[in-house]
Amino acid sequence: MANTSGDHENLKGDSAASSDDGKPRLNFIQEIIAADLQAKKWDGRVHTRFPPEPNGYLHIGHAKSICLNFGLAAQHDGGKCNLRFDDTNPIKEEDEYVKSIIEDVRWLGFDWADRLCYASGYFEQMYDWAVQLVKAGKAYVCDLNAEQTREHRGTLTKPGKDSPFRDRSVEESLDLFARMKAGEFPDGSHTLRAKIDMASPNLNMRDPVMYRILRAHHHRTGDDWCIYPMYDWAHGLEDSIEGITHSICTLDFENHRPLYDWFLDQLGIFHPQQIEFARLELTYTMMSKRKLLELVRDGDVGGWDDPRMPTLSGMRRRGYTPEAIRMFCEKIGVAKFNSTIDIALLEHCVRNDLNKRAMRVMGVLRPLRVVIDNYPEGQSEELDAINNPEDESAGTRKVPFSRVLYIEKGDFMEEPPRKFFRLAPGREVRLRYGYFITCVDVVKDPESGEVVELRCTYDPETRGGNAPDGRKVKATLHWVSAEHALTTEVRLYDHLFIKPDPSDVEEGADYKSNLNPDSLEVVADCRVEPSVAGAAPGSRYQFERQGYFCVDPDSTADRPVFNRTVGLRDSWAKIAKGQKKP
């Protein structure tokens, strides 16, 4: 289990840290590659691969591996990184997933040139190499079923038992294996197993299954095959065929490395080096593709691209940028031990990136009507507003102002507490880019008593937000003109789970008991300034004083839909500041 102690991860990971001379410090994988290049190993080549199984959509954990593998290749002259689909299990794999993975890797900003590869493209070669091992007495056909195979395997403290078919002759195994391929036997009746050591302390070396009989339609090869290679058998062969030099895997595969090496050594073929690193675990986030698939199939979320999902398609729809995700992957670095990263760091990276690129607009999520009594009826004007204070080249825009406005309900209190400086009866505040206004009357619903309208006056001398007499106000409010504003729907997203570790459940419960019932709030009839009219899906904005928002694909010409990407408050900045204190 990953370390989920109260200690937060450092703001900068291994790859982002600096050495004494001020240069970026190499992570341990970069150090291995540097040593290999110094020794002229692999003829000075650096060739990596990103090898997803097309059985689901990529998530933020995969982004770490993508950035690592493509990044390592990009750091060296002539470096290459393949995109390879490990499509060896037709039951779980679909062409939909292949297309989504290609789209996600490209969206992150990486390119594999002409090196789009598939394990299924090597099936014939894998079969031939399996025959080679059988001929060498290193593999045999076994008739034990799956349950019997598990029973014979033993445990961590008890050695396994030899299969009664372990000493089957080479000739008989060759014949049976060929007949397995020809489709003569039912599913599950035979397997091809490596002959290694049933007493090995590493359970992966106890005569692992190399092939099983499985009649399932494959998304690329159709019904050409009825036997399929197991991942441990296929993994190293794919790397060897493609000439991979550094096979980067997560720590899950550390105990599989002896088997990876054994297969390649027995075949006497090109032998890449497998290197393991810690996978990404993120608070309030489920990384299991199996469980993410359950959430989709059970209707707990709206699909793989639901903005609450940790999938790259979900994050893209929510408004995350590829630059922010790459920044996050750089900051967390590469380590040899498992740990859990605070999701606040990811949100910090998103917020930091959007602050530089997002256009500012004013949007009112819960409108309260304001009538300016001394503003001429039927008149309107345009005020100058800054598009992005972080980017002078973004320029300015015109914002319409009129007699009837909307402000945020939360920006008014009839009986304000001592530290509430926003609008209240008799109080003057500044309207962003506009005028000073003073609340002179409150209109309430006669039945509920709810405040439904404010009557105000404005000072025409304060246009642009400053008083000629130098008087000050303590609050500046965002607003929109009622006549000109667009009516929109806004979707406010929160963490999908209520606990930092979604699998932390009471006995008898499952991870779904930790689903957050308030992870999505849909706010209808919001008002946004007209400058966003016609914005394409994926367009990103900062709603001033609210947060960052993105136009959702569900938008129509008449009714835009905005997803909240992340709020303005940066909890990670406070965490990092606290870490720097002595």
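A residue is called buried when its relative accessible area is under 20%, exposed when over 50%, and partly exposed in between, with a 1.4 Å probe and protein chains only. The structure is a predicted model, in which local features need pLDDT of at least 70 and side-chain atom pairs count only at pLDDT 80 or more, while totals for chains, interfaces and linings use all residues. Residues are numbered from 1 along each chain as its sequence is written, and side-chain values use heavy atoms, with hydrogens and water left out.

Helices (H or I, at least four residues) and strands (E, at least two) are DSSP runs numbered from the N terminus. By the burial criterion, strand β26, residues 547-551, is mostly covered, as five of its five residues are buried. Two strands are taken to pair if DSSP finds at least two bridges between them. Strand β25 (residues 540-543) runs antiparallel to β26 and is joined to it by four bridges; within this pairing, R540 has C550 of β26 as its bridge partner. The two strands form a hairpin with three residues between them, and R545 in the turn has a positive phi of about 70°. Strand β26 also pairs with strand β27 (residues 561-567), again in the antiparallel sense, over five bridges. Here the bridge partner of V551 is F562 in β27.

A separate open sheet consists of three strands in the order β1-β2-β3, with parallel pairing. Its edge strands, each pairing on one side only, are β1 (47-50) and β3 (116-118). From one strand to the next the twist averages 35°; axes are lines fitted to C-alpha atoms, for helices over the stretch in contact, and angles run from 0 to 180 degrees between N-to-C directions. Strands β1 and β2 run parallel and are joined by four bridges, with C81 in β2 as the bridge partner of T48. Strand β2 (residues 80-85) pairs with β3 in the parallel sense over three bridges, and L83 stands opposite L116 in β3. In a regular strand the side chains alternate between the two faces of the sheet. In β1, H47 and R49 point one way and T48 and F50 the other way, and all are buried.

Helix α2 (residues 60-74) lies across β1 and β2 and runs at about 160° to β1. Helix α7 packs on the sheet and touches β1, β2 and β3, its direction making about 140° with that of β2. Contact denotes heavy atoms within 4.5 Å.

Helix α7 (residues 231-242) also packs with helix α8 (residues 257-267), at an angle of about 60° and with the axes 9 Å apart. That angle makes α7 oblique to α8, since angles under 35 degrees count as roughly parallel, over 145 as roughly antiparallel, 65 to 115 as roughly perpendicular and the rest as oblique. The contact is made by D232, W233, H235, G236, L237, D239 and S240 of α7 together with L259, Y260, F263, L264 and L267 of α8.

One of these residues, L237, has its place in helix α7 and is buried, with a relative accessible area of 0%. Apart from its neighbours within four places in sequence, L237 is in contact with M126, W129, L264, L267 and I269. Although L237 and M126 are 111 residues apart along the chain, their C-alpha atoms are separated by 7.2 Å.
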